[in-house]
Amino acid sequence: AYRRLLPKPGPGGFTRGNFIGFRRADRYGPARSLSVHDLYEFSDALGQGGFGTVHAARHRRTGEAVAIKSVPKDKVGHGDTLMLEVEFLKVADHPNVIRYYEAFEDSENLHLIMELCSGGPLSEHIKAAHDHTHGFGIIESDLARIMVQLLRSVAYCHAHCIVHRDLKPHNFIFGCGAPQGQSIIPIACCGTADAPLKLVDFGVSGVVRSD
């Protein structure tokens with residue numbers, strides 16, 4: 001079973017406790033019987049994939065903006081793959097890996113509550129740079145800054161025996177919003193402290209032995 005293969009906590013990782021399953025976490029108080037809709041107000045859909053839909057949302061009491069990944073139960077079988085995603089994200093602690101907050105289960109869906117990253121996926125920035133530079137693409141200094149963060153996120157996962165298995169530009173998202181009137185943030189801001197690169201979507205990830 002994958003839980004037995006997860007490594008023990010090490011320096012700089014696995015610092016936020018053990019996986020608690022699909023139930024109300026203690027982040028906003030003890031009311032564990034509340035549903036995801038009781039606590040969060042859903043808004044725009046940010047994306048849709050083979051396993052579910054991601055919405056922007058806001059916590060009704062604190063006003064905090066989050067992203068909610070909703071996965072229909074009939075698409076996850078016994079849920080082992082999604083459980084692995086939650087188990088890793090629950091304890092992952094790295095600035096270039098998406099941050100997980102809590103999870104909910106209802107009669108139809110499993111809902112993962114995560115930090116909101118609205119700076120656009122790397123794939124959009126690559127296309128925009130190609131279009132705006134007549135095919136020259138992202139300049140070397142910007143690309144180097146982005147690649148350092150990309151490689152750090154992958155190295156962190158591999159150091160903790162997690163293989164993502166779906167690494168592509170679309171699954172790396174920048175962690176801030178675009179200035180008013182722009183669809184994505186300027187490439188010069190990508191990978192900076194204000195817009196760190198985040199590895200997302202561990203839905204098909206796996207665990208390997210460390211020995």
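**Aromatic pairs and cores**

Mentor: Ring pairs link Phe88, Tyr156 and Phe202 into a cluster. The model is predicted, so local features need pLDDT of at least 70, side-chain atom pairs count only at pLDDT 80 or more, and totals for chains, interfaces and linings use all residues. Residues are numbered from 1 along each chain as its sequence is written, and side-chain values use heavy atoms, with hydrogens and water left out.

Trainee: What makes the pair of Phe88 and Tyr156 tilted?

Mentor: Rings of Phe, Tyr and Trp (its six-membered ring) pair if their centres lie within 6.5 Å; planes under 30 degrees apart count as stacked, over 60 as edge-to-face and the rest as tilted. The centres of Phe88 and Tyr156 are 6.4 Å apart and the planes stand at 45°, so the pair is tilted.

Trainee: Why is the pair of Tyr40 and Phe104 called edge-to-face?

Mentor: Its planes are at 80°, with 6.3 Å centre to centre; planes over 60 degrees apart count as edge-to-face. Tyr40 is in strand β1 and Phe104 in strand β4, 64 residues apart.

Trainee: How do you know that Tyr40 is buried?

Mentor: Buried means under 20% relative accessible area, exposed over 50%, partly exposed in between (1.4 Å probe, protein chains only). Tyr40 has 0%, so Tyr40 is buried. Phe104, with 5%, is buried too.

Trainee: Which residues touch the most other members of the largest nonpolar core?

Mentor: Phe88, Leu89 and Phe202 do, in a core of 35 residues. A nonpolar core is a set of buried Ala, Val, Leu, Ile, Met, Phe, Trp, Tyr and Cys residues joined through side-chain atoms within 4.5 Å.

How values were computed:
Helix = DSSP H or I, 4+ residues; strand = E, 2+ residues; numbered from the N terminus.
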